[in-house]
Structure formats: structure tokens, C-alpha cells
Amino acid sequence: MIAGKKLVVLGCWLLSFAALGREVIPAMPAQYFNDYAHVVPQATVAQLNTKLEDFERTTGNQVVVAIYPKMRSDSSIDDYAVRVFRAWKVGEKDKNNGAVLFVFVDDRKMFIEVGYGLEGALPDATCKQITEFEIKPHFKTGDYGGGLTAGVNAILAATQHEYKGTGTTVYASHAGHNQNWSTIIFVVIFVGVMLLQFLFRGVSRRHGWLYSGGGWGGYSGGGFSSGSSSGFMGGGGSTGGGGAGSSW
Amino acid sequence: MKKIAIGCGVLVVLGLILLALVAIGGYNKLVRLGQQTDSAWAQVQTDYQRRMDLIPNLVATVSGAADFEKSTLTQITEARASVGKVNFDGKASLSDPAQLAAFDQAQSQLSSALSRLLVVVERYPDLKSSANFLELQAQLEGTENRIAVARRDFNDAVQKYDTAIKSFPAVWYAAAMGFHEKPYFNAAPGAETAPKVQFDFNKAAATPAKP
């Protein structure tokens, strides 16, 4: 599964690279709170990450924070945020209830990109207030941990009553689904091989080569969910460009 | 011998079924792509309408500021009125490039009038920093972003649709079945580039940070 995920990400990256020149769409983050710029204290990272994961369990909303050193694109931040959000597919597919807070430390820019389904709870004016008055004052003094704690709390407060969660996360349920899929594929291949053998029995007595297909399913897929079921995975959500940001 | 003949017959029937499935699949694909362009278009209209709805509020807020340049506001009101005059009724007009161009023309006039207003507001510090205006600015900026995204999505959807009806084998039957080429938005008219105004609240951050 991890290898597949990486391949998809690589594909997206190559595609975007070909279409837009120098732009780089970062890989889907593995956690809810991702500090790639190393500006937030470890304890704060862990605390906010747990908070955001619990938030998906209870409300179904996927809220992700991604902090990068630099924006790797020539576009404006709002434009870029749409493309990255869509590549990560934050939010559930039928609800589009995702939001991503992007921070580019060296560019001194941030943007809250909001999925279609949270535009009601997080209108642009609210996003602007959060970035401008909750986060920015902290960032100006270099207190990234404090700014992001305030920002995350404000986003969660605004969106907490919008939807009801299922008690699990996309990441946790996906591991199970994949296993189901591999079982289904295995059964389909197995039944297909049996049918083929049955059909061809009259035409050819030599059916040794058909048997070799039987080993395929192999149940090699069974091991991938053995890790912890903690982590972030996009649920298929999309955005139409909602949200707002600030510079500091 | 007889068994082989039966086998061949079965294969031919299977081949025909497969061909029919491909034809149905091709038709359904065109229907799906056509509907995607319609829904992408609906999103474009929603976003433009959203902007139309913001304008009265914006004009009211700005004209409340003492001695605000009236000419800028008049331009906006006129541009908004001319958008209303463009007779554009969704689906029927969507296949007509001239009508789409007229719609686009009217909207881009409104876009440039709005961005002029925002430039003028820079000269009114009190207005610029009022809570009411900040909120409107955020809404307007978000709406412009949405318009840009919706236009791009619409163009992508139309491009997929147009490619599909011009590809083999659909090119033979698409026109006969009522699938006609649809026009796009022009790549870089005023509407797409002009409203990209960055609303930086402090002047220092207006210059991009050095890498």
C-alpha cells in the first residue's frame, strides 16, 4: 500500500511538473500536523496532531496543517493551495469536509484552503480573521507553536458542529478496506481461472499452464495493516478555491 | 470438429456483445463528459453570481467613506448593470462562442472595475482598516479565487469533452447523436489576470520575501 501510495504521489508530481514547469506538489502528508520546516516544538506538534486526529473521529472533518520552508511554485498561494489540496483529496468524498492550513515560513505566507463542504462553517471572512488576528500576531514574534495552536483551535471551533464523525478515520478504515479488496480480487481471479479451465477443458487436454495463475492472489497484501492505524489519509474531498490567507 | 465450430460461434457472439458494450460505453462517456461541462458551467455561474451579490454591500460600505471618489463607484455600478444585460441563458448559449465571449467581456469589465476600486481604496487608510471593509475584501478575494478555479475547471471539462467527440470512433457518430463542440473561455482575458490583487494588509509584506 505504501509503495502504491508513493507511486501515485510520484505520478501526480510528474504530471504537475510537466504541466506547470517548476511547480512541485508535495506528497500527501502522513500526519495531520506536519512541520516540515521544523519551527514548532515537538510537544506542540504531537499534541495538535492528536487533537486533529480525534477531531476527524468525532466530526469526520479532516483538518490538516502543513508547514513548509518554501513554496515551490511561481503561482500565487491561493492558486497553489487549490492544486495541493486537490492532489491530497482532503475531506470525505461525499462531504468535501476538509481544510488545510498551509504555512510557508521563508515566504512569510499562510493560507487556509477550505473544501466545498466547510465553506459554510469557514467562510473566507472567518479564515481571514483567523490568519490575521489569531495566528499572525504570534508569527510576528516568531512564536510558531503559539500561533498554530491558536489557529488550529479557531478552525476546530468554527467547524465542530458541521458534521458527525464515524468514530474512525479514513486512514484507519482504509487499511481494512484494502484488505477486503485484495480478498475480492483474489476470489475473482480464482473463480476466473476455474471458469477458464472448465471452458477450455473440451478444447485442450493440456491445461497445465492455466494452473500457474492460481498462485497469484498469494495473500501478500495481508501484512500492510500491521502498523499502527494512526496517520492521515485524504478521503477524496475537493475544493473550489474557498478560504483566505495572510502574510506576516 | 463439431466442438470447434461451436466454439467459434460462441466467440463471434461474444465479439458482437463486446462491440455493443464498447459502443454503449462510448455513448455514455460522451453523456457523462457533457454533463460534467454543464456542472462545471453551473459552478462558474454560481461564483459570478456570488460576486454580483457582494457588490451592493461593497459599494454601500465604500460610499459611506467621506469624499470617496464617485467615478470609481459609478464604473462598478455600470459594469454590474451591463453584466445583467447580457442575455445569457445557460445551456443553449453554451454552444455559441459569440455569446460566451459577450458574457466573458461583461464579466471582465466588472473585474477590472473592482480591482480599480481596490487600488483606490489604498488611499483611504480609515476605510481600508475598517472591520467591515476587511471582511468584504476577504469575501471578494475568495470569490475571485473561486471564479478563477471554476473557469479553469470549466475549461478542463470542455477540453475533455471536445477531445472525446473529436476522437475516433466517436467522431463518426457524435454529431449525429447531438454532441457538438463547446467553446472555452479564452486563456488569459482580463477576468483571469486582473483580479489577482493580493490584499496585503501591511506594506512590508507586499514585497515578496527573498528566497
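First, the term: a salt bridge here is a side-chain nitrogen of Lys or Arg within 4 Å of a carboxyl oxygen of Asp or Glu. Keep in mind that this is a predicted model. Over all chains, the structure holds 18 salt bridges. I'll take a few of them.

Start in chain A. Lys70(A) and Asp107(A) form a salt bridge through their side chains, at 3.0 Å from N to O. That pair links distant parts of the chain, 37 residues apart. Lys70(A) sits in the loop between β2 (62-68) and α3 (77-88), and Asp107(A) in the loop between β3 (98-104) and β4 (109-115). Buried or exposed? Asp107(A) is buried, at 14% relative accessible area, because the cut-off for buried is under 20%. Lys70(A) is partly exposed, at 30%.

Next, across chains. Asp124(A) and Arg146(B) meet in a salt bridge at 2.6 Å, N to O. Asp124(A) lies in helix α4 of chain A and Arg146(B) in helix α6 of chain B, so this pair joins two chains. Asp124(A) is buried, with 1% relative accessibility. Arg146(B) is buried too, at 2%.

Now chain B. Lys166(B) bridges to Glu181(B), at 3.5 Å from N to O. Lys166(B) is in helix α6, while Glu181(B) is in the loop between α7 (170-173) and α8 (190-193), so the pair ties together parts 15 residues apart in sequence. Glu181(B) counts as partly exposed, at 46% relative accessibility.

Last, a network. Which residues does it join? Glu23(A), Asp79(A), Arg83(A) and Arg152(B), through salt bridges that share partners.

Note on methods: Residues are numbered from 1 along each chain as its sequence is written. Chains are lettered from A and ligands numbered from 1 in the order in which they are written. This is a predicted model: local features need pLDDT of at least 70, side-chain atom pairs count only at pLDDT 80 or more; totals for chains, interfaces and linings use all residues. Side-chain values use heavy atoms; hydrogens and water are left out. Helices (H or I, at least four residues) and strands (E, at least two) are DSSP runs, numbered from the N terminus. Buried means under 20% relative accessible area, exposed over 50%, partly exposed in between (1.4 Å probe, protein chains only).
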